[in-house]
Amino acid sequence: MPRAALDPLFTATEAPGGFTERHLAHLIAVTSAAVTVPRFLDEQICADALTALDRLPTAPYDLARVPTPIVRFGPSLNDYRTPAGGLDADQYWRDAEAARVSWQRARLRPDPVALSLARLGTAWGSAISPATIGGRPVFAGTLREINEGTLLHYDDVRREFPCRLFDQETVAQLAFNVWAAVPETGGATTLWRHRWDPSDEQHRYSYGYQPQTVEHCQQVSLRPQLGGALLFNPAHFHEVQPNPGQRRIALAFFLALTTTGQLITWS
């Protein structure tokens, strides 16, 4: 059987000089797989974030929903999704406010979330604002320790909350990670050139999908680097490989392009 042709646009770009508007535009237009920036944050900022994680209130994801153990600081909207696809607003806003207070008390200077958003905003040409729900800004900037990998999955807030969660209308979503601790082996993020199709539901497993969903798809695999940043379009199926016995800790948030050309953020 002849080998399937590869998409020459589904590649990862390394950008030592930092993210640019062109990088973000290609990711939004799905004409690039990923962009990485080595040394996006310096080692001292990473060390401070790692130290802060030890004194911030962390919690594991619910194993009934996320079967691979993941510890994180900061609320993720998906954790508050109701069976009907809405938001458990009372619990979310309580936890979001508690997380904001804890983050402020950690007194990280410079603040790695604010610094990352500022640099991305400079690349785009305008400041990035939090997404809002009923006029209230949501929380952005989780710290997540993923040592045993993740399931194959995709992220798309418009499908996760089909009744439209944000006040802003979004047209594309990006995912951002920057690593505060990296393993010597394992822990790679793998992206496949495959976006959700209704037929994929036959392979559904927990919050993710079985490997056969992407078994014939082109892929790109990216190893984490200390202080390195990764930006990609999470509509592509992706997963994190395990790195047992070692720590892999990333600061993470989502971005979305709105119909007015602005970028908004959330976790």
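Analyst: In strand 14, N177 has L230 as its bridge partner, and the pairing between strand 9 and strand 14 (residues 229–232) is antiparallel over four bridges; two strands count as paired if DSSP finds at least two bridges between them. Helices (H or I, at least four residues) and strands (E, at least two) are DSSP runs numbered from the N terminus. The model is a predicted one, in which local features need pLDDT of at least 70 and side-chain atom pairs count only at pLDDT 80 or more, while totals for chains, interfaces and linings use all residues. Residues are numbered from 1 along each chain as its sequence is written, and side-chain values use heavy atoms, with hydrogens and water left out.

Strand 9 also runs antiparallel to strand 16, to which ten bridges join it, and within that pairing A172 stands opposite L257 of strand 16. Eleven of the twelve residues of strand 9 are buried, where buried means under 20% relative accessible area, exposed over 50% and partly exposed in between (1.4 Å probe, protein chains only).

L230, the partner of N177, is also among the residues in contact with T36, together with T13, E14, A15, L222 and A229, once neighbours of T36 within four places in sequence are left aside; contact means heavy atoms within 4.5 Å. T36 belongs to strand 2 (residues 34–37) and is buried, at a relative accessible area of 15%.

Strand 9 (170–181) is one of the elements that give two or more residues to the lining of the largest pocket, the others being strand 8 (142–146), helix 5 (157–160), strand 15 (236–240) and strand 16 (249–258). With four residues, strand 9 gives the most to that lining. A pocket here is found on a 1 Å grid over the protein atoms alone, as an open set of points where a 1.4 Å probe fits, with protein on both sides within 12 Å along at least five of seven lines, and lining residues have an atom within 4 Å of a point. The largest pocket has a volume of about 790 Å³, a volume being the space filled by probe spheres set on the points, which are joined across faces, edges and corners. Its lining consists of 38 residues, of which N78, R144, H153, D155 and F254 lie nearest the centre of the pocket.
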